[in-house]
Amino acid sequence: MPLLSRGAFEHFEATPSGPAADEYGLTGKQPFTVLREVTRGLQPVPLTFAVSAEQRGIELTRLVLTGGSRVMLRRVADASTPLHVLCWSWDLSGEPPLVHPAPEDDLTRWQVPLSGEERRLDKAPLQLVPPRRVVGCQSVRVILWQSDRGADPAAVTDDVREALRHSRLASTLATLSPDARGTMMTAVGVREAAGELGREIAPVLRALCTDYVDFFEGFYPVVDDAVRADRFAGFHSELSLRM
């Protein structure tokens, strides 16, 4: 369960078709919550997911952890133990989940520098999700981790990427069509698999990291055109994102 969150998978919208849409008069885009409830007895229900009109990405523009955040990360003020940012993201395009930092990234930029008793990352933004046409809903999850065991950040990221590749979420997303079409049963499967993902990745992080925290999870529906910047504060921390 992430400490900070925005939205939920249930906020994505899709246009149903077939007998269920005809019987219930479901015309145009409908939220997942409505589709799930009214189509329980009528499966499969073909869906066409909303697609963004333009390319969208997500950047982390500011991250601050005060000294009090040692309740989450015991070595937050320990200059000898770097703090690293890791994230994964996915949408309903049928593409596999993305993990960042990418192999070609400068890993030093994904460390949160120590400033007195605080950790602060408020200079150049980090690209958590590269710009692309988003299908259905963009999900992004941010993990903060430390290791006094000398864990290699590239190895940690590679192991998380490999665990994601074999996750139930990845196999479920692979069943989605690249033309933004799916079924209600598939959408439910994605929701359930996404809920299990944190538990699937946790053993990898525990094996490699001295401390880690499931920091942020955000869901950004395609229809949410008004969202361009987000700021979250709590748990002795602050996070700002730009879309």
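How many disulfides does the count come to? The count comes to 0 disulfides, where a disulfide is a pair of cysteine sulfur atoms within 2.5 Å. This is a predicted model, in which local features need pLDDT of at least 70 and side-chain atom pairs count only at pLDDT 80 or more, while totals for chains, interfaces and linings use all residues. Residues are numbered from 1 along each chain as its sequence is written, and side-chain values use heavy atoms, with hydrogens and water left out.

- C137 is in no disulfide, and the nearest cysteine sulfur, that of C87, is 15 Å away.
- C137 is buried, with a relative accessible area of 1%; here buried means under 20% relative accessible area, exposed over 50%, and partly exposed in between (1.4 Å probe, protein chains only).
- For C209, the closest cysteine sulfur is in C87 at 15 Å, too far for a bond.
- C209 also counts as buried, at 3% relative accessibility.

**The sheet and its helices**

- Helices (H or I, at least four residues) and strands (E, at least two) are DSSP runs, numbered from the N terminus, and two strands pair if DSSP finds at least two bridges between them.
- β1 and β13 (residues 211-221) run parallel and are joined by 3 bridges, and the bridge partner of R6 in β13 is G218.

**Nonpolar cores**

- A nonpolar core is a set of buried Ala, Val, Leu, Ile, Met, Phe, Trp, Tyr and Cys residues joined through side-chain atoms within 4.5 Å.
- The largest one has 39 residues, and F12, W88, W90, L92 and V160 have the most contacts inside it.
- At least two residues of this core come from each of α1 (19-24), α2 (32-38), β4 (46-49), β6, β11, α3, α4 (168-173) and α5.
- α5 gives the most to this core, with 9 residues.
- Apart from it lies another core, of 27 residues, among them L63, L73, L128 and F216.

- Rings of Phe, Tyr and Trp (its six-membered ring) pair if their centres lie within 6.5 Å; planes under 30 degrees apart count as stacked, over 60 as edge-to-face and the rest as tilted.
- A search of the whole structure finds 7 aromatic pairs.
- F9 and F12 form a tilted pair, 5.0 Å centre to centre with 55° between the planes, and F9 and F12 are buried.
- W90 and F219 form an edge-to-face pair, 6.2 Å centre to centre with 80° between the planes.
- That pair links distant parts of the chain, with W90 in strand β6 and F219 in strand β13, 129 residues apart.
- W90 is buried, and so is F219.
- Ring pairs link F9, F12, F32, F49, W90 and F219 into a cluster.
- Leaving aside neighbours within four places in sequence, W90 is in contact (heavy atoms within 4.5 Å) with residues including F9, C137, L169, V190 and F219.

- T172 is found in helix α4 and counts as buried at 13% relative accessibility.
- Not counting residues up to four places away in sequence, T172 touches T186, G189, V190 and A193.
- T186 is found in helix α5 and is buried, with a relative accessible area of 19%.
- T186 and L176 are 10 residues apart in sequence and 7.6 Å apart in space, C-alpha to C-alpha.

**Backbone details to check by eye**

- Most residues other than glycine have a negative phi, and most peptide bonds are trans.
- The peptide bond from H100 to P101 is cis, with omega near 10°, and P101 lies in the loop between β7 and β8 (114-115).
- F235, in the loop between β14 (229-234) and β15 (237-242), has a positive phi near 55°.
- H236, found in the loop between β14 and β15, has a positive phi of about 60°.
- F235 is partly exposed at 46% relative accessible area, and H236 is partly exposed at 41%.
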